[in-house]
Amino acid sequence: MPLLEYDALGVTLPGTARPILDGIDLHVGAGEVVALVGESGSGKSVTARAALGLFPAGADITGQVRVAGTGLVGADAASLRDVRTNRAAMIYQDPRAALNPVRRVGDFLTEPLRLAHGWSRNRAAARAAELLAAVGLPDPGRHLNQYPHELSGGMLQRVVIAAALTTEPRLLLCDEPTTALDVSTQAEILAVLGRLQRERGLGLLLITHDIELAAAVSDRIHVMYAGRIVEAAPVADLFAAPRHPYTAGLLGSSPPLHGPLARLTPIPGAPMGLLESAPGCAFAPRCHFAEPGRCDQSPPPPERHGPAEVACHRTAELTAPAANAPAPAAFHASGKEDS
Amino acid sequence: MTAVAARAARVLRRLAAMAATLLVTSFLVFSSLFLAPGDPASFLVKGRSAGPAELAEIRRQYGFDEPFLVRYWHWLEGVLHGDLGRSHLLHQDVASVIWSRLPASLLLIGVSALMIAVVGIGSGVVGALRRGSRTDRSLMLLVTVGAAAPAFVAALLLRSVLGVQLGWFPTIGNGTGLLDRLHHVVLPAAALSVTFVALVTRVTRSAMLDELRREHVEVALSRGTPRRTVIRRHVLRNALGPIVTVSALLVSGMLVSTAIVETAFGMSGVGSLLVQSVDQLDFQVVQAIVLLVVAAFVVVNALVDLVHPLIDPRTAAAGSAR
């Protein structure tokens, strides 16, 4: 049984032209790191929050999300609390917004232990200090008594990670965990997350807009566009041969971590807003390869192509070795040379 | 150690500023009475005929003929020694007159403050948590009416309905003994607090709504903290800053509002003394009460400033960084 499993999850807000999420299928097993990559507004944060049973207010929800077998759509308060306190924890983008500014760091860390598990103050504080040491903070005893504004952003993100681990959940949801931090801190936080994930065999869902970062830490990548997963593949396969034009566009528009720096090719146009909808493939208006009369008629269903699952009408022709119309250089430009 | 030193320095700085404010306002209070129409000397001989020579003699006796600054100095010296002068009207020490009237007014203010805190904060919290509901809308309607109702209108309404028609509460006087006093003070306190309850409700509701939107509230919920606990520990707790500030300032200004309510309910307190003294040009008493009003305001203000770092630790950091 996977730790986290999305089963055709759909989320629609009344008064919008298209669903926020449409048929999300995804699973994360123990010890597995899965990345969900997409531009802002693609629905990746909504997807992550759904794993804690947090849905936008007033939304219409179809399908199911299960954490360790517990369905969260239509769940009662007790099972929601169980999942939130014991099974899964979220690490947020901006640690400064995630902590209550008027309460001490120690309160933040021990709250679930004391409230949900009834631990004594001392026992919870000892555990919190242990976790602060585990995330590499130098002076746990002092940090427990400090207020959030007395710590740097990188230190606070370590606190947030420690807080996520207090009740020993098996599943971590990381929503852009390094985006609000400066570059050198980003690397440290990623290293801490990676170490803890390996040591504890955690399942980890990483939400990011940065496909290179996703590649560096995860086993599989799911690429999202306008509320749908357009391509899902193991990292090496995805980089060697992106099969969806949007994936190729993402790779072509972000600088590679390794190898020579090629010219970056931005994806033309802008992502589709919630008030727009298209009868066909949502990416068609921005796609070099969109075929009028086909791509703009019906949404492409996800299909298996080799190691990948791709939702594109033209995958077969575009990735066939002897395609009559060879893809432009940009299409495969960022294949990882060393993988 | 340095944190303690910084805190002590901040407290001292605040106390010095408070003393300076009080000094300046004492000067303003003293001089403002000279702008008021009427000559105290001719008031003192009211009803009798007095020639210019007699008036001059009275002025000399009471020190009305001395230069302004000298008179201010004498007055200030007296005030600092607890001597607020003599009431020409009551032929008593001003300090002892005010002292005998103060408990009744403090009881009135205390009961009002309690009503404001319980009803104002309570309905603000309910309104914020049920935003847009029927409860919230009716509360907001009541609050708008309450904020627009002057204390004397509220006093008249309460007296006629709860006092005269239903006969639940006495409508006049202070009462004797603790229970009777409390019974007598309910209606005046309610009349006094109506407007303030409305203000505190509004402030509480909007502060709560601001805090409910914060990400750390969602984070706390997403960690399985029960909603009730999140509201108490993360929403109401964080909204306390504006609520405490506004409530404290309102209560500190209430001594003035007691004038209307005490008069309406025939109570003997500092407020009704003020009305009576203004009416009869009893300058020494007016001066003393105004000074008391200002002092209450300044002291509460300073207290709020000193309490704030306990409510929001970030303000302490900002203060010591200066």
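A:Glu176 and A:Lys44 form a salt bridge in which the closest N and O atoms are 3.8 Å apart. A:Glu176 lies in the loop between strand S7 (171-175) and helix H8 (183-200) of chain A, while A:Lys44 belongs to helix H1 (residues 44-50) of chain A, so the pair ties together parts that are 132 residues apart in sequence. The model is predicted. Over all chains, the structure holds 24 salt bridges.

- A second salt bridge joins A:Glu291 to A:Arg314, with 3.6 Å between the closest N and O atoms.
- This pair links distant parts of the chain, 23 residues apart: A:Glu291 is in the loop between helix H11 (245-252) and strand S11 (303-305) of chain A, and A:Arg314 is in the loop between strand S12 (308-310) and helix H12 (315-319) of chain A.
- A:Glu291 counts as partly exposed, at 28% relative accessibility, whereas A:Arg314 is buried, with a relative accessible area of 15%.

- In chain B, the side chains of B:Arg14 and B:Asp305 meet in a salt bridge, with a distance of 2.7 Å from N to O.
- The two residues lie 291 residues apart and link distant parts of the chain: B:Arg14 is in helix H1 (residues 2-32) of chain B, and B:Asp305 is in helix H13 (residues 283-311) of chain B.
- B:Asp305 has a relative accessibility of 39% and counts as partly exposed.
- A:Glu5, A:Asp7 and A:Arg66 are joined into one network by salt bridges that share partners.

**The make-up of chain B**

- Chain B contains 14 helices and 0 strands.
- Its pattern along the sequence is accordingly written α-α-α-α-α-α-α-α-α-α-α-α-α-α.
- The C-alpha trace of chain B spans about 85 × 60 × 35 Å along its principal axes.
- Chain B has 322 residues, of which 43% count as buried.
- Of the contacts in chain B between residues at least 6 apart in sequence, 73% join residues that are at least 24 apart.

**Surface and charge of chain B**

- The accessible surface of chain B is about 16800 Å², and 68% of this area belongs to carbon and sulfur atoms.

**The contact between chain A and chain B**

- Chain A contributes 25 residues to the contact, and chain B contributes 21 residues.
- About 2100 Å² is buried between chain A and chain B, with carbon and sulfur atoms giving 54% of that area.
- On the side of chain A, the residues that lose the most area to chain B are A:Val102, A:Arg103 and A:Glu111, which together account for 26% of what that side buries.
- The interface of chain A and chain B is crossed by 2 salt bridges.
- B:Glu218 forms a salt bridge with A:Arg49, and the closest N and O atoms of this pair are 3.1 Å apart.

Technical notes
Residues are numbered from 1 along each chain as its sequence is written. Chains are lettered from A and ligands numbered from 1 in the order in which they are written. This is a predicted model: local features need pLDDT of at least 70, side-chain atom pairs count only at pLDDT 80 or more; totals for chains, interfaces and linings use all residues. Side-chain values use heavy atoms; hydrogens and water are left out. Helices (H or I, at least four residues) and strands (E, at least two) are DSSP runs, numbered from the N terminus. Buried means under 20% relative accessible area, exposed over 50%, partly exposed in between (1.4 Å probe, protein chains only). Contact means heavy atoms within 4.5 Å. Accessible areas come from the Shrake-Rupley method with a 1.4 Å probe; for residues, only the protein chains shown count as cover. Buried area is the accessible area (1.4 Å probe) that two parts lose on being put together, summed over both. A salt bridge is a side-chain nitrogen of Lys or Arg within 4 Å of a carboxyl oxygen of Asp or Glu.
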